[in-house]
Amino acid sequence: MMDIDNLSETVARIQFIADVSLIAHCKEDELKMALSMISDMAGTIDTSVFEAAIYRQAE
């Protein structure tokens with residue numbers, strides 16, 4: 001399970017890469033690399049805690 005500090009840090013990194021990619025007017029291969037980095041980081045986020053909270057509210 002990912003603690004809140006690690007989650008916040010990961011989301012901040014994802015946001016930074018996304019922002020820089022948009023502002024820098026990246027070439028296609030650079031944008032693909034940025035999206036790959038975002039995908040890799042997003043894949044490390046443990047969503048089970050959030051899923052449990054969402055489904056618990058729906059019941």
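The buried residues of α2 are A34, I38 and M41, where buried means under 20% relative accessible area, exposed over 50% and partly exposed in between (1.4 Å probe, protein chains only). Because they cover an arc of only 65 degrees around the axis, they lie on the same side of α2; the arc is that of the directions from the helix axis to the C-beta atoms. The face turned away from this buried side carries the exposed residues E28, D29, K32, M33, L35 and D40.

This is a predicted model: local features need pLDDT of at least 70, side-chain atom pairs count only at pLDDT 80 or more, and totals for chains, interfaces and linings use all residues. Residues are numbered from 1 along each chain as its sequence is written, and side-chain values use heavy atoms, with hydrogens and water left out.

What do the buried residues of α2 pack against? Their partner is α1 (4-23), with contact meaning heavy atoms within 4.5 Å. Helices here are DSSP runs (H or I, at least four residues), numbered from the N terminus.

The largest nonpolar core has seven residues, namely L7, I14, I17, A34, I38, M41 and I45. Both α1 and α2 supply at least two residues each to this core. Such a core is a set of buried Ala, Val, Leu, Ile, Met, Phe, Trp, Tyr and Cys residues joined through side-chain atoms within 4.5 Å.

T10 belongs to helix α1 and is buried, with a relative accessible area of 11%. The side chain of T10 reaches the backbone oxygen of N6 at 2.9 Å.

Definitions and conventions
A polar contact is a pair of N or O atoms within 3.5 Å; within protein, one must be able to donate a hydrogen and the other to accept it, and residues adjacent in sequence count only if both atoms are side-chain atoms.
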